[in-house]
Each structure stands twice: as C-alpha cells, then as structure tokens.
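Student: I would like to take a close look at one part of this model, the place where the two chains meet. Could you go through it with me carefully?

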Amino acid sequence: MSESKPLPVVDFLKIPESGDPYLEGYRCKKCGSTYLGERTVCSKCFARNEMEVIKLSETGILHSYAIVFRSFPGIDVPYISAIVDLDGGGTIKGNLINIDPDPDKINFNMPVKITYGDALGRKDKDGNSYLSYFFEPA
Amino acid sequence: MSDVYVMGVDMIKFGRFPDRSVPNIGAEAALMALDDAGLGIQDMQALYCGNLGQANAMVGQRILQEIGQTGMPVVNVANACATGATAFREAWMSIKAGMYDVVLAVGVEQMGKGLLGGAGGGDGIPKEGLLGSGTMPCVFAEAGMEHTKEYGTTFEQFAKISVKNHHHSTMNPKAMYQIETPLDEVMNAEMISYPNTKLMCSVNVDGSAAAVLVSEKKAKELGMSRAVKVRASAMASDPYTDRDLVMPDVNACTRLAAKDAYEQAGIGPEDVNLVELHDCFATAEMLHYENLGLCKDGEAGRMIDEGHVELGGKVPVNVSGGLLSKGHPLGATGIANIYEVCTHLRGEAGKRQVEGAKIGMTHVIGLGTACGIHILEKVN
C-alpha cells in the first residue's frame, strides 16, 4: 500500500493521473455563487441544473481565523484555523501554516496561497495515505 | 388568534447529575413549572419536549412515565442549541392555532464535559487540526475575529463580557457557578481558541427548564397576576451567505429572526428592558448586541466598555449569568432563558432584578443554523 498514490482528504480536492492536484468548485451560471463539491441546485438563486465545474483559484486573502490551543486528544496544537476567500470566488477553511500562531503576526486580508502536502501523517484504517491542502503566506 | 401567556415557568439549579437519567432531570422542571402555574399534569393537553442528546429516544414520553401518563400528544424536538426555544415555540403555535388552551414545554439536557464539535466526520481520516478546527470555541472565535477585522474589537473587550456575566451569576442561585472572575483572570485563563479563553466558553452542565403556556381564555380563568404575555415568537434558519459553507453564519440568521420578532411585537430594540442572549462564547455575545439591534453596527465594543449591558445599564444582557456561568445544557437553554426573563417581569429576581422591567427578549442560536427569539411582556 505504501507505494500507492495518496487519496484526497476531501472530495473537492482532485488528484489527476498526470499534473498537479487542484480544488474543484461548482459555480452557478445564473448568479455566480461558488460551491465546494458537487451540487445541482443553487441555494442562493434556486436555479436547477445550472452548475458548471470549475477549478478554484490557488490564491486568496485571509478573511478570519482563530488560533487553536485546545483540540481533541492527539491533535497537535497550537495551529491556525483559517477562513480564506479565494480570488475569483469561493471560501475555504483550513490550516494556515508557515507563520507564527501569534495574532500580532497574522494580518486580516493578507494574501495567502494554497499548497498541497501529506495529511500530517494521518492514515485511514486500511493504511492509505492522504493528500491535503494548506494555506501559507503568499 | 388567541394571545399566549406563560402561566408557569421554572428551571432546576444547573449542575452535573451523572447518576440521573435525562427524563428524570426533565421531570423535575416539569413538576416545578406545573406547581408554578398551580396546575397538574392532568390539566395539560399536549407536551412539547426539547432534547438533543437522546433525540431519537422519546424523552417527552419518558418524562410522562415519571410524572403522569395521561395519553396526551407528545412531540419531541431537536434543533441544536435552539432546541428548547423550538419546543416552546411549538407549544406557543399550538395555542395560536386554536388547538389547545393549556400545554407544557420542557427542555432538558445531560452533557458530560469537554469540547463540542469537530471538523469533518465521514470517511477517510479525521479532519480536525488538518482542515482547521470544527470545535465550537474555534468556530465562534472565527466569528468573533470577523468583528475584530471589521471594527478592531479587542481580546480585552471580548473578555469583559465574561467578567460581566460571571458577575451577574453571583446573584443567581440557580446558576452553575457564583464566582467573580476579574478581567486578568479571564484573560490569563487557559487559551482554548484565541480569543476565547476557558472562562470565555460556556459551561457544559446538566439541566432542565419548563413552561406552562395557556390561551388568553385560560389565563383569565386562572388569574393574570403572574402571567407573562408572549408578544413574539420568531424562528429563522440561515439564509444564503457567501461564506456559510465553511463558516456557520450566526449573524444573518439572528438578524432575520430579530426583525420578525420586533415586527410581531410592534416594538423596537429601544423598548426592551433586558435580554438573555446566546453567549455560548464571549465572542458570540459581542456579535448579538448588533444582531439584535441593541446598538448600531460597530458599536458593540462600546456597549461593553461603557457598561450599557450590565445590570443597572441601559439594556442589561444575561443577568442570569448567561451560558458562560449559569451553564449551557443545550436542550434546556432556550426555556431557561425564558424563565429568567419571566422572573424579572414578575419582579421576583431578587438581587439581580432589573428594576421596572416590562419587556424582555430571549435569543438562542443553534449551529447549522437555527435561531429562536421570544419577546415577553409583563401583564400586570
């Protein structure tokens, strides 16, 4: 199993046979709302079957965050839980890395970019590795 | 449509009761509310029961097995932290609809300790700490930090809310804790998710609360002296907002329900004498000053800095001690805060009494999202 390709941590993370991983969104052709993952009806304008599949941008800005010092047992702390508005639409949540977990160092609206990497060594019950996404200062 | 009155209402002192069952805890508050109304279970025409932890286990019927099985219809409801308010609202609606004249609403929860929430269940690997955090202290910290981004709200201002609510709880014998927590103690407590320290997180406790709701006809029959009129019962789910896929929006949902509630009551925020709102975390309370219209957008920090939301202030908020110190048994909270407001409107709140209170508001929000707001008015 160890030689096999890692699995995506969430359904909207796509790992093509060749080429780089990317995040997939669904965009409503009527109103432009962007969703993570597949859907057929727009919950903003209620249009049906008007979704187009898009590649989400890999850059964005930091909308909000919290610094987590207490999590569930076995989870390494501290870490930054970040909400990022992607350039061109879509909002996504994840860990902000490669910056001190210190409110004096973190600026709202700072530009960030998405990177991909192993899911902190976590494996499922079958021993599969996973690929995750992270944010880091751009 | 008949007006609806609260004729009896009570809550148990919140605490930890690991040796009791959920129905047993709920039964205690039910009997207290019946006594407060001067009625018996045989007088009730229906029961609306709110509980989250055993939502699939017929808690309402099991309460009746402890206090009297009359065969009345029982509806069990679950709506996250708005569960109690939802049960109360279903009871209210049944009288509004003309179905019944006397009904009982009970909210109950047994909690256990520790963090609630958690990011991304489902298949594969745990997502907590990998794709951010879904723990409640973090989710509400992120919501608070939006306010910081917009208005420069500080860690200290958030912490002051916790100082205030803990202070209020020293005057509430039914609160889990009656302990003063000075500002430095709140700010230096263990950081859970910045900017929420441990003392800025609600307390997980067991508890129950119950209310007897009656029609106007029945209220007149029973006597109006301690009756409290329900001027509004509003509920909303989260309308679409751009970030709500990853960031539960407690603001839009509350604003929607508040607008409806004020319209139903035909009043404005300036007419409200006290508010029990959903301070599940100190960061959350800050947001709701604005969401409920108690101040203009951007002025919430000033509300706490200038003491407007303290007992004795312009509009005291969470004089019960709030979820931060009274405790937050999820299914009970939405009726416990109705108990608190009714107690002030009846002039029976002792040391924490909001003098001259005529109109009060209760607010809860359950992530996912459900917001329940009630406006209550003193009758006599």
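Which strand of chain B is joined to S6(A), and how many bridges join them?

Tutor: Before the answer, please note that this is a predicted model, in which local features need pLDDT of at least 70 and side-chain atom pairs count only at pLDDT 80 or more, while totals for chains, interfaces and linings use all residues. Residues are numbered from 1 along each chain as its sequence is written, and chains are lettered from A and ligands numbered from 1 in the order in which they are written.

The strand is S5 of chain B (residues 191-194), which runs antiparallel to S6(A) and is joined to it by two bridges; strands here are DSSP runs of E with at least two residues, numbered from the N terminus, and two strands pair if DSSP finds at least two bridges between them. Within this pairing, A:Ile67 has B:Tyr194 of S5(B) as its bridge partner.

Around that pairing, 36 residues of chain A are in contact with 29 residues of chain B, where contact requires C-beta atoms, placed from the backbone, to lie within 7 Å. Strands S4 (34-36), S6 (59-68), S7 (79-86), S8 (91-96), S9 (111-123) and S10 (129-137) of chain A each supply at least two residues of the side that touches chain B, and the largest share, six residues, comes from S6(A).

Technical notes: Contact = placed C-beta atoms within 7 Å. Helix = DSSP H or I, 4+ residues; strand = E, 2+ residues; numbered from the N terminus.
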